[in-house]
Every structure is written in structure tokens, then in C-alpha cells.
Amino acid sequence: MTGAAAASAAAPAAPSSAQPDHKKDDGKKNDEQFAKVAASLHVTVKQLTTALDNLKHALVNGTDKTTAIAAFAKQLGITVARAEKVLEALSGKPGPGKPVPGKEAGVPAEVVKLLAAELKISEDRARQVFKDLDKVGGKGDDVTKDPVFIAIAKGLGTTPQRLLDGLRKVKEEFAKKEGGKPKDGAPSGK
């Protein structure tokens with residue numbers, strides 16, 4: 001979520017008789033989602049609406065995003081992390097580095113399984129490796145010199161080169177199963 005634009009995107013579209021007919025369905029769908037979010041937080045729709053309005057006003061009036069979201073969270077009696085997820089859900093847009101709604105979060109489960117088997121680690125640990133790889137700055141063979149990549153490899157009890165080789169092998173295996181060649185943006189550092 002970023003700034004006032006993201007917070008204003010979180011507001012539901014209210015159905016109105018002034019809207020064209022096709023917009024009424026979208027508004028109803030948004031109202032239903034909004035009600036579900038409110039129910040999941042154990043608050044009323046009015047409480048959620050008030051908290052969102054206060055968040056928008058705070059951002060428009062120059063309050064920094066972190067402080068505004070913290071106040072939003074406090075008003076609803078939830079954690080800041082939960083508040084950020086609520087705002088993402090209401091906006092219908094993923095936050096930075098987040099998957100598009102409707103797609104599995106993160107790396108495909110098959111890729112996680114392949115890496116776990118390749119490095120002889122648990123699937124949870126393999127999933128964490130992919131999360132940690134987001135913090136790596138290097139690309140290609142240079143990735144083995146990146147301090148974060150080195151730390152990931154060390155934490156796995158392997159060398160950076162072995163980790164890179166394993167990631168490349170997993171990327172290639174997955175691409176074969178998917179019927180294509182690896183994409184340039186895959187998390188292997190290749």
C-alpha cells in the first residue's frame with residue numbers, strides 16, 4: 001500500500017442509482033467483500049468505514065503512512081500487519097512484491113517441492129529460501145558474491161555456488177514440466 005491513493009482505493013464502491021447498470025453489480029460485489037472483511041475483523045461495516053475515512057483524512061492531512069496505518073489498526077483493535085492486509089484486500093490490488101489476487105502466493109508449490117528435494121531440506125525451509133532470495137541484489141553468477149545470498153547458502157549448510165546450481169536445476173526442471181523454457185525473472189538468479 002502506498003500513500004493516499006492506495007488508501008482511497010480501499011474504499012468500497014457504493015451502489016448508486018446514478019451509476020450505469022453494469023456498475024451496480026460491481027458496487028454490490030464490493031459491498032459484499034467489504035462486509036466480509038468487516039465480519040472477519042469482528043467489527044461493523046460502519047466501524048470499518050469510519051476507520052477507513054479517518055485513515056484517508058490522516059493521509060490527506062500529511063500524516064505519514066506508517067502512523068496513519070497504526071492509528072487505523074488501533075481503531076479496529078488489530079495489528080498493523082493485519083491492517084495492511086485488510087487495506088490490500090479492500091483495494092483489490094496487491095501490495096509491493098505481492099502476488100496478484102487469485103494466484104497462489106509466492107513461488108508455485110511445485111517449485112518449492114523441487115528445491116526441497118534438490119537441497120534435501122523441508123518444504124517450509126525451501127519456501128523461506130525463496131522469500132529470502134527477494135533480498136538478494138545480484139544477478140547471474142555475480143549472485144554468489146552477494147552477502148545475502150552467501151548468508152542463505154551458509155544457513156543451509158552449503159556453498160553459494162551449490163545453492164545457485166540447485167536453483168538453476170529447479171528452474172529448468174519446472175520449465176520442462178510447464179512445457180517451456182525458464183523465464184528471465186525467475187528467482188534462481190540466472
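At what angle do helix 3 and helix 4 pack, and how far apart are their axes? Before the answer, a word on what you are looking at. This is a predicted model, in which local features need pLDDT of at least 70, side-chain atom pairs count only at pLDDT 80 or more, and totals for chains, interfaces and linings use all residues. Residues are numbered from 1 along each chain as its sequence is written, and side-chain values use heavy atoms, with hydrogens and water left out.

Let's begin with the whole chain. Its secondary structure consists of nine helices and zero strands; helices (H or I, at least four residues) and strands (E, at least two) are DSSP runs, numbered from the N terminus. Of the 190 residues in the protein chain, 32% are buried, meaning under 20% relative accessible area with a 1.4 Å probe, protein chains only.

Now back to our pair. Helix 3 (residues 45-60) and helix 4 (residues 65-76) pack at about 160 degrees, with axes 9 Å apart. Here axes are lines fitted to C-alpha atoms over the stretch in contact, and angles run from 0 to 180 degrees between N-to-C directions. The two helices are therefore roughly antiparallel, a term for angles over 145 degrees. Among the residues making the contact are Leu48 and Leu52 of helix 3 and Ile69 and Phe72 of helix 4.

Finally, find Glu118 in helix 6 (residues 109-119). Glu118 counts as buried because its relative accessibility is 15%. Beyond its neighbours within four places in sequence, Glu118 is in contact with Arg162, Gly166, Lys169 and Val170, where contact means heavy atoms within 4.5 Å.

Technical notes
Buried < 20%, exposed > 50% of the residue type's maximum accessible area, 1.4 Å probe, protein only. Parallel < 35°, antiparallel > 145°, perpendicular 65-115°, else oblique.
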